[in-house]
Amino acid sequence: MADRYELKTPRKGRDGKTYWNRVGVAFPKKNGDGFNLQLEALPVPQMNDNGQVEVFISMMPPFEDDGRGK
């Protein structure tokens with residue numbers, strides 16, 4: 001299991017394409033019983049979404065060492 005995940009919500013653009021906005025991160029609990037979520041933004045429904053909000057969880061890419069110690 002990955003040690004961190006991104007939380008994303010889809011948005012339809014005016015061009016009809018779907019754009020993904022990151023709204024937070026999730027970390028599995030140490031006891032394996034669920035996740036801790038840290039929301040950086042609150043997703044709100046779009047006008048045509050019938051009041052529903054979808055949030056998707058996906059594995060985050062690993063941190064890359066750029067040689068600068070960051």
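Trainee: OK, I've clicked on E6. Which strand does E6 lie in?

Mentor: E6 lies in strand 1. Keep in mind that this is a predicted model.

Trainee: Noted. Is E6 buried or exposed?

Mentor: E6 has a relative accessible area of 12%. Buried means under 20%, so E6 counts as buried.

Trainee: What does the side chain of E6 make a polar contact with?

Mentor: With the side chain of K8, at 3.2 Å.

Trainee: And which residues does E6 touch, if I skip the ones up to four places away in sequence?

Mentor: With those left out, E6 touches R22, G24, F56, I57, S58 and M60.

Trainee: Let me zoom out. How many bridges join strand 1 to strand 2?

Mentor: There are 8 bridges between strand 1, residues 5–12, and strand 2, residues 18–28. The two strands run antiparallel. As a bit of background, strands of a sheet pair through backbone hydrogen bonds, either parallel or antiparallel.

Trainee: How many helices and strands does the secondary structure come to?

Mentor: It comes to 0 helices and 4 strands. If you read along the sequence, the pattern is β-β-β-β.

Trainee: What order do the strands have in the sheet?

Mentor: The order is 3-2-1-4, in an open sheet of 4 strands with antiparallel pairing.

Trainee: Which strands stand at the edges?

Mentor: Strand 3 (35–39) and strand 4 (56–59). Each of them has a single partner strand, so one side of each is left without a neighbour in the sheet.

Trainee: By how many degrees are neighbouring strands turned against each other?

Mentor: By 40 degrees on average in this sheet, with direction ignored.

Trainee: Back to strand 2. How many bridges join it to strand 3?

Mentor: Strand 2 and strand 3 are joined by 5 bridges and run antiparallel. In that pairing, V25 stands opposite Q38 in strand 3.

Trainee: What do strand 2 and strand 3 form, and how many residues are between them?

Mentor: They form a hairpin, with 6 residues between the two strands. Have a look at G32 in the turn, which has a positive phi of about 80 degrees.

Trainee: I've landed on L37 in strand 3 now. Is L37 buried or exposed?

Mentor: L37 counts as exposed, at 55% relative accessibility. Leaving aside its neighbours within four places in sequence, L37 is in contact with L7, V25 and A26.

Trainee: What separates the C-alpha atoms of L37 and E6?

Mentor: They are separated by 9.6 Å, and the two residues are 31 residues apart along the chain.

Trainee: New topic: rings! How many aromatic pairs does the structure hold?

Mentor: It holds 2 aromatic pairs. One of them is Y5 with F35: the ring centres are 5.6 Å apart and the planes are at 85 degrees, so the pair is edge-to-face.

Trainee: Where in the chain are Y5 and F35?

Mentor: Y5 is in strand 1 and F35 is in strand 3, 30 residues apart, and the pair links distant parts of the chain. Their C-alpha atoms are separated by 9.7 Å.

Trainee: What about Y5, buried or exposed?

Mentor: Y5 counts as buried, at 11% relative accessibility. F35 is partly exposed, with a relative accessible area of 40%.

Trainee: And what do W20 and F56 form?

Mentor: An aromatic pair that is edge-to-face, with 5.2 Å from centre to centre and 80 degrees between the planes. W20 lies in strand 2 and F56 in strand 4, so this pair ties together parts that are 36 residues apart in sequence. W20 counts as partly exposed at 46% relative accessibility, and F56 counts as partly exposed at 37%.

Trainee: Last bit, the whole protein. How many of the residues count as buried, in percent?

Mentor: Of its 70 residues, 19% count as buried. The protein exposes about 6,000 Å², and carbon and sulfur atoms supply 52% of that.

Trainee: And what share of the contacts with a separation of 6 or more comes from residues 24 or more positions apart?

Mentor: Those residues account for 42% of such contacts in the protein.

Definitions and conventions. Residues are numbered from 1 along each chain as its sequence is written. Side-chain values use heavy atoms; hydrogens and water are left out. Two strands pair if DSSP finds at least two bridges between them. Axes are lines fitted to C-alpha atoms, for helices over the stretch in contact, and angles run from 0 to 180 degrees between N-to-C directions. Buried means under 20% relative accessible area, exposed over 50%, partly exposed in between (1.4 Å probe, protein chains only). A polar contact is a pair of N or O atoms within 3.5 Å; within protein, one must be able to donate a hydrogen and the other to accept it, and residues adjacent in sequence count only if both atoms are side-chain atoms. Contact means heavy atoms within 4.5 Å. Rings of Phe, Tyr and Trp (its six-membered ring) pair if their centres lie within 6.5 Å; planes under 30 degrees apart count as stacked, over 60 as edge-to-face and the rest as tilted. Accessible areas come from the Shrake-Rupley method with a 1.4 Å probe; for residues, only the protein chains shown count as cover.
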